[in-house]
Amino acid sequence: MFPNHADPLVTAPAETAILAMLLAESPLSRVELARRTGLSSTAVTKAARPLIDDGYLHELPPERTAPGAGRPANPLTVTSGREFFAGVKISADTLYGTVCDLRARMRTTIHRPLGERDPDSVSALLIDLVAELLDTRPEFRERTRHLGIAVSGDVDRAAGRVRYSVLPGWRDVPLAKAIAGATGLNVTVENDVKALTVTEHWFGEGIGTEYFALVTIGAGIGSGLVVNGRLIAGAYGVAGEMGHIGIDPAGPRCHCGQTGCVEAIASSDAILAAVRGATGREDLDFDGAVLLARGGNPAAREVFARAGRAIGTGIATLVSLLGPERVVVTGEGLDTYDLFGAHIKDAYEAHCFKAAAKCPLTLRPLPWEEWARSAAVIGIQALFP
Ligand SMILES: [Zn+2]
């Protein structure tokens with residue numbers, strides 16, 4: 001029986017705990033599940049039963065155990081293809097779509113360039129893209145009921161609205177309702193960096209951590225925070241905006257209205273503007289600025305160094321406040337890591353408070369499809385209360 005459309009698959013705490021653990025790390029024995037979740041073996045067996053009956057979990061053949069070690073154990077594993085999840089990332093110029101299985105593995109990907117970028121045009125293209133994704137295989141159409149959409153900007157996930165995005169005309173757009181109506185899917189909209197943070201926390205570098213942070217560098221500087229095992233949005237939905245921590249009162253003006261934000265110094269646009277200003281080369285584009293710095297131009301190199309110091313100081317502020325076990329640094333800005341990586345690390349170490357500096361920075365280059373995958377993971381999250 002297929003569960004009701006929008007209801008969570010699991011509601012009891014024990015079911016929630018074991019399904020979440022098995023999605024990230026299958027297979028696991030009931031004994032191991034009990035040890036890791038703190039549940040009794042009886043509670044694990046009881047919680048697993050309905051998930052096995054519904055086809056979400058299955059038992060593997062018994063593992064060989066040492067002679068005299070008692071009854072052999074049948075490890076439990078997720079039935080990956082029991083349900084599929086569509087995900088679409090809306091970027092400034094392209095829609096990236098994917099269908100993932102229960103373990104967040106991408107089964108197919110499609111991308112389409114955006115023409116007009118107003119909400120109605122993007123929505124129409126997105127609806128077509130989802131139809132195309134689901135038509136790739138009959139089982140996608142049969143077994144997909146959740147769609148996640150990731151978009152940059154200020155997103156009210158609970159209300160399914162994009163309050164603000166850099167795309168033209170995107171002010172308070174009721175995106176989830178419009179797309180759900182057209183596709184028949186249960187739609188969740190999330191900020192793209194938060195979606196990526198959830199994905200890294202559940203399926204990547206952050207597995208098993210209670211405190212975790214992800215920082216994106218590139219066109220914008222973004223960050224997502226996990227506290228007590230959960231992504232935090234904060235009282236106003238914008239917790240963890242590392243890009244807008246003010247680090248230099250004498251720094252450049254930021255598009256947010258403040259002065260000296262990390263993003264105003266270290267975004268790719270900010271770097272380009274500063275290289276143009278420092279060299280008098282108004283004709284440069286970003287690639288040109290990179291080439292100039294790699295060629296040894298001192299003014300261009302100093303601009304990248306300053307950007308690296310800004311990013312490192314911003315991450316140190318996050319780490320000193322939050323004490324995460326690890327921080328993942330990602331985004332297209334990693335392409336120029338050779339120019340500012342050492343400065344990021346130096347500023348990070350110089351500004352972290354005491355033991356907080358033990359927190360490692362992990363670099364994680366992510367292709368664009370990974371952003372679509374993170375949107376699908378937001379759909380997987382809808383299985384949980
Ligand atoms: Zn700002």
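Two strands pair if DSSP finds at least two bridges between them. This pairing rule applies in several of the views below. The model is predicted.

**View 1. Strand β8 pairs with β7 and with β9.**
Strand β8 covers residues 161-164, and β9 covers residues 171-173. Two strands need at least two bridges to count as paired; β8 and β9 are joined by 2 bridges. They run antiparallel. Val162 has Val173 of β9 as its bridge partner. The hairpin of β8 and β9 has 6 residues between the strands. Within that hairpin, Gly169 takes a positive phi near 80°.
Strand β7, residues 154-156, is joined to β8 by 3 bridges. This pair also runs antiparallel. Val155 stands opposite Val162 in β8. Here the hairpin has 4 residues between its strands. Gly160 sits in the turn, with a positive phi of about 70°.

**View 2. Five strands form an open sheet.**
The strand order is β5-β4-β3-β6-β10, and the pairing is mixed. From one strand to the next, the twist averages 15°. Strands of a sheet pair through backbone hydrogen bonds, either parallel or antiparallel.
β4 spans residues 94-100 and is joined to β5 by 7 bridges. These two strands run antiparallel. Thr98 stands opposite Thr109 in β5.

Strand β4 runs antiparallel to β5. Helix α4, residues 119-134, packs on the sheet that holds them. The helix touches β3 (84-90), β4, β5 and β6 (144-151). Its direction makes about 30° with that of β4. Helix α6 packs on the sheet too, touching β3, β6 and β10. The direction of α6 makes about 150° with that of β10.

How many bridges join β3 to β6? There are 7, and the two strands run parallel. Ala86 has Leu147 of β6 as its bridge partner. A further 6 bridges join β6 to β10, again in parallel. Ala150 is partnered by Glu190 in β10.
Of the 8 residues of β6, 8 are buried, so the strand is largely enclosed by the rest of the structure.

**View 3. Ala180 lies in helix α6.**
The helix covers residues 175-183. Is Ala180 buried or partly exposed? Its relative accessibility is 23%, so Ala180 counts as partly exposed. Leaving out residues up to four places away in sequence, Ala180 touches Leu185 and Val187. Gly257 is 77 residues from Ala180 along the chain. Their C-alpha atoms are separated by 35 Å.

**View 4. Four protein donors hold a zinc ion.**
Which residues supply the protein donors? They are His244 (ND1), Cys254 (SG), Cys256 (SG) and Cys261 (SG). These donors lie 2.0 to 2.3 Å from the zinc ion. The site is tetrahedral, with angles of 104 to 121° among its 4 donor atoms. Along the chain, the donors follow the spacing H-x9-C-x1-C-x4-C. His244 and Cys254 are 10 residues apart, both in the loop between β13 (230-231) and α8 (262-266).

**View 5. Helices α9 and α11 cross.**
Helix α9 covers residues 268-279. The axes of α9 and α11 come within 9 Å and cross at roughly 145°. The crossing is right-handed. From α9, the contact uses Ile271, Ala274, Val275, Ala278 and Thr279. From α11, Ala299, Ala300, Val303, Phe304 and Ala307 take part.

**View 6. Leu322 lies in helix α11.**
Helix α11 spans residues 298-322. Leu322 has 19% relative accessibility, so this residue counts as buried; the cut-off for buried is under 20%. Neighbours within four places in sequence set aside, Leu322 is in contact with Tyr211, Phe212, Leu225 and Val227. Ala264 is 58 residues from Leu322 along the chain. The C-alpha atoms of the two are separated by 23 Å.

Conventions:
Residues numbered from 1 in each chain as written. Predicted model: local features only at pLDDT ≥ 70, side-chain atom pairs only at ≥ 80, totals over all residues. Heavy atoms only, no water. Donors = N, O, S within 2.8 Å, 3.2 Å for Na, K, Ca; no water. Tetrahedral: all angles 85-135°; square planar, octahedral: opposite > 155°, others 65-115°. Buried < 20%, exposed > 50% of the residue type's maximum accessible area, 1.4 Å probe, protein only. Contact = heavy atoms within 4.5 Å. Axes fitted to C-alpha atoms, helices over the stretch in contact; angles between N-to-C directions. Left-handed = near helix turned anticlockwise from the far one by under 90°.
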